[in-house]
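Please look over the model below before reading my points.

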Amino acid sequence: MNLNLKAEKDQTYDAIVVGSGMTGGWAAKELAEKGLRVLVLERGYELKHVEDYKTAFKDPWEFEHRGKISIVAAEEHYATMYFSAKEGSQYLYTNDKENPYVQKRPFNWIRAYHTGGKSLLWGKHTYRWNQEDFLANAKEGLGVDWPIRYDELVPWYKYVEKFVGISGQPEGLAVLPDSTFLPPMAMTAPEVHLKNSVAQKLNRPITIGRVAHLTKPQPWHSAVGRATCQFRNRCSRGCPFGAYFSSLAATLPAARQTNRVTLVHNAIVKEIILDDKAQKAKGVRVIDQNTMEVREFYAKVIFLNAGTIGSTSILMNSKSARFPNGLGNDSDQLGRNLMDHHLAIGARGDIDGFDDDYFFGARPGSLYIPRFRNWGNDKRGYLRGFGYQGGATRADWSRGATETGFGSDFKKKMTQPGPWKINLSGFGEVLPNPNNRFTLSEDQKDKWGLPQVVFDADFGENERAMRKDIMNDGAEMLEAAGFKNVVAYDNPVAHMGLGIHEMGTARMGKDPKTSILNKFNQVHTCKNVFVTDGSAMASASNVNPSLTYMALTARAANHAVEQLKARNL
Amino acid sequence: MNRREAVTQVAWILGGVFSAPTLQAMSRWEQLASTETGSSKPGSFLTETQHAIMGRVAELIIPRTNASGVDSPGVDSPGALDVGVPDFMEVMLRDCYGKPAQDLFLTGVGELERKGFLTLSPDQQTAMLTQIEADAQKNSNPSFWLISKELTLLGYFTSEMGIKASFDYQPIPGRFEAIKIKPGQKDFMYGNQA
Ligand SMILES: Cc1cc2nc3c(=O)[nH]c(=O)nc-3n(C[C@H](O)[C@H](O)[C@H](O)COP(=O)(O)OP(=O)(O)OC[C@H]3O[C@@H](n4cnc5c(N)ncnc54)[C@H](O)[C@@H]3O)c2cc1C
Ligand code: SF4
């Protein structure tokens, strides 16, 4: 008995953060900087910043398959083929074979189970949501109204942007509010041409992509050991310069500097332990991924940052007399309204001329074309909008495989840059739909005995209607700029998950009858549990979501500490 | 959705970055569960003669050249053989290409073997490959020629000697800026494809 009490005391912290990825890193940093003793539980293995980026400095010839993925690796990473089909980066992607899930309807679940989570994989595009993004549900009577508005998030956007370090160009657009920026990256000559032509002929602005790269590090970036971007674009193998924002390079080091953070790896959080009497969570139950040993940890507040599907699964798994359908799930909204962005659609083309124009360096970013549909006076037959990411580059030697010829002239030709090509890839908003959901399997388990996730979601009529415009508008812009061989493409079987922006499934809202979380990301009916990753989103916008998750996390952490101080938790 | 559809999708998304043989190779996923790969060593995929034939084919695609760009033993720029393309082809065919592509490839080499490729004069060899290329162009299916060419280019232009002889290799550029280049100027290589 005594022993147990001592053990319980040893395993007790002020706060537990589940997951060390994009949002977990922020939760850990904020809670610790505000004085809490924080335990971070990470299900994956330990990955150390710099020293574990084993492929980061490899030259092309050091890869056995010169970057191509082997058949064996492709089998293990089938969900992530699109992104991980590279020899240098596959180590950062979770092995799908060992971590199976069920697809009632097709869904690619792309995961990164290790320190830093998907913050090591992301494309770093960072955009604020706009005013309308937080109003659209209410105006259109879809999903639930957001319990917060853009203005409430602005101070938190500013706060995280400063620490993250975002390169970009202010444009003063309502549709794409400016962030606090570091210097923007350059555009190539055909990109400048496209920007000018589209502005003139179609009155649509194009800006340089806003990406979380340090183009000019500030003292607070240097303080955690981050340096200037070197423009090698080998980010997908991990950045030894800490030049792109990841929790490994930025938030976790800051959290550690407080000396109040403990990070435990291989700790799969299975469920939240409820104190039935107090109607509060008292801790979490964890399975060691290697030894299968089950342990418990206790805290006053719990932050779920296990990624949208991960966090919601933990809530679903946390069943009790009070919550037979999962923690906080009186509304039956848990797992519903699964959203993503739809992509794999756009336009591409070639352009003559610009023969003496080139660029030096490998830019880890692209152009950005903000939403212009259903905006201002534009009204379409579908709801919401889309944007594009893309850019122009010159074809390299690999064009030779499909060009005729061989021999010495051919060889020489391949050592010179080829024609300019451009691609505009659309990112469309997906509407909240209660029938797009995931559940936990009743009979299929993973190797830790946890129920497998069952995906059952697809794009609907609205998304399909929007796709037509994404193709046509992309082609129209390229044609306006005089590009040739313009091809508008659509992947007829593009499906959910490929956008890797999973959102929804434990949405925020004003009413506990129709939502899981309140305006501070607290479970309505279990206030010391906070969920601050993509699970919380009530709608999806069409811009990349991670900046908004980070802002929400910092805001929620602030609220949690205030509430703790006020003894409300 | 089965794996083959998944692959087709990926191809769509990448907008033609993968060549047909690579795609076909990947479509072998479904058979994978029952077979194993990676047990053979490079050198065991082709017979010695076939290995020599592919060496010759690769060298005709990317020959060793001198400064004036002519085939020559006075090396300025190495050729496919210098950088070991035939061994590389074997590793790639074994690990990254599926059975259908492997079969296609083996049939192609077998054909060249039957026609006594190695005993032909360089001009005859070039003429034969020109014909094979023209035939391959007639349909969009993967072909022996496309696989050979793709692997030769990949093996050569990502090898240390090939890169250093062909490009301005910049592993750490340090900046990104729009610039002007002169006609005939070498391409840059940043080594970020892997
Ligand atoms: C290739 C790629 C490109 C992307 N590009 C962009 C982009 O340009 N812009 C953008 O905004 N977003 C982008 N994203 C999405 C972005 O990465 C995610 O939105 C973001 O990482 C989500 O943060 P998170 O904290 O919710 O999850 P993650 O960063 O994935 O972190 C979750 C962590 O929780 C851990 N975990 C999971 N389950 C448990 C458990 N049961 N117990 C303990 N730990 C657990 C995981 O191992 C992981 O470390 C991209 C993603 C990918 C894969
Ligand atoms: S391009 Fe910049 S962020 Fe990416 S790996 Fe290189 S230095 Fe790091």
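1. Which backbone atom lies 2.9 Å from a nitrogen atom of ligand 1? A backbone N or O atom of A:Val269 does. Polar contact here means a pair of N or O atoms within 3.5 Å; within protein, one must be able to donate a hydrogen and the other to accept it, and residues adjacent in sequence count only if both atoms are side-chain atoms.

2. A word on provenance. This is a predicted model: local features need pLDDT of at least 70, side-chain atom pairs count only at pLDDT 80 or more, and totals for chains, interfaces and linings use all residues. Residues are numbered from 1 along each chain as its sequence is written, chains are lettered from A and ligands numbered from 1 in the order in which they are written, and side-chain values use heavy atoms, with hydrogens and water left out.

3. Back to the ligand. Ligand 1 is surrounded by 37 residues (a heavy atom within 4 Å). The closest are A:Thr23, A:Glu42, A:Gly123, A:His125 and A:Ser546. A:Gly123 also places a polar backbone atom 2.7 Å from a nitrogen atom of ligand 1. For A:Arg43, a backbone N or O atom lies 3.1 Å from a nitrogen atom of the ligand.

4. Now the domains of chain A. The assignment, from an automatic or database source, gives domain 1 as 2–144 + 238–340 + 434–456 + 500–566 and domain 2 as 169–209 + 341–429 + 459–494. Their C-alpha centres lie 32 Å apart. In contact (heavy atoms within 4.5 Å) are 22 residues of domain 1 and 23 residues of domain 2.

5. The two domains of chain A bury about 1900 Å² between them, 49% of it on carbon and sulfur atoms. Buried area is the accessible area (1.4 Å probe) that two parts lose on being put together, summed over both. A:Tyr127, A:Arg128 and A:Asn542 supply 33% of what domain 1 buries against domain 2, more than any other three residues.

6. How many salt bridges does the rule find across this domain interface? It finds one (a side-chain nitrogen of Lys or Arg within 4 Å of a carboxyl oxygen of Asp or Glu). A:Glu140 and A:Arg384 meet in a salt bridge at 2.8 Å, N to O. On the domain 1 side, helix α5 (residues 131–140) of chain A gives the most, with five residues. Helices are DSSP runs (H or I, at least four residues), as are strands (E, at least two), numbered from the N terminus.

7. Next, the chain interface. Chain B brings 78 residues to the contact and chain A brings 74. The chains bury about 6800 Å² between them, 65% of it on carbon and sulfur atoms. Three salt bridges cross the interface of chain B and chain A. Between A:Asp357 and B:Lys180, the salt bridge is 2.9 Å, N to O. Helix α8 (residues 144–157) of chain B gives the largest share of its side, nine residues.

8. Over all chains, the search finds 46 salt bridges. The side chains of A:Arg210 and A:Asp178 meet in one, at 3.0 Å, N to O. A:Arg210 lies in the loop between β4 (207–208) and α8 (219–222) of chain A and A:Asp178 in the loop between α6 (150–164) and α7 (189–202), so the pair ties together parts 32 residues apart in sequence.
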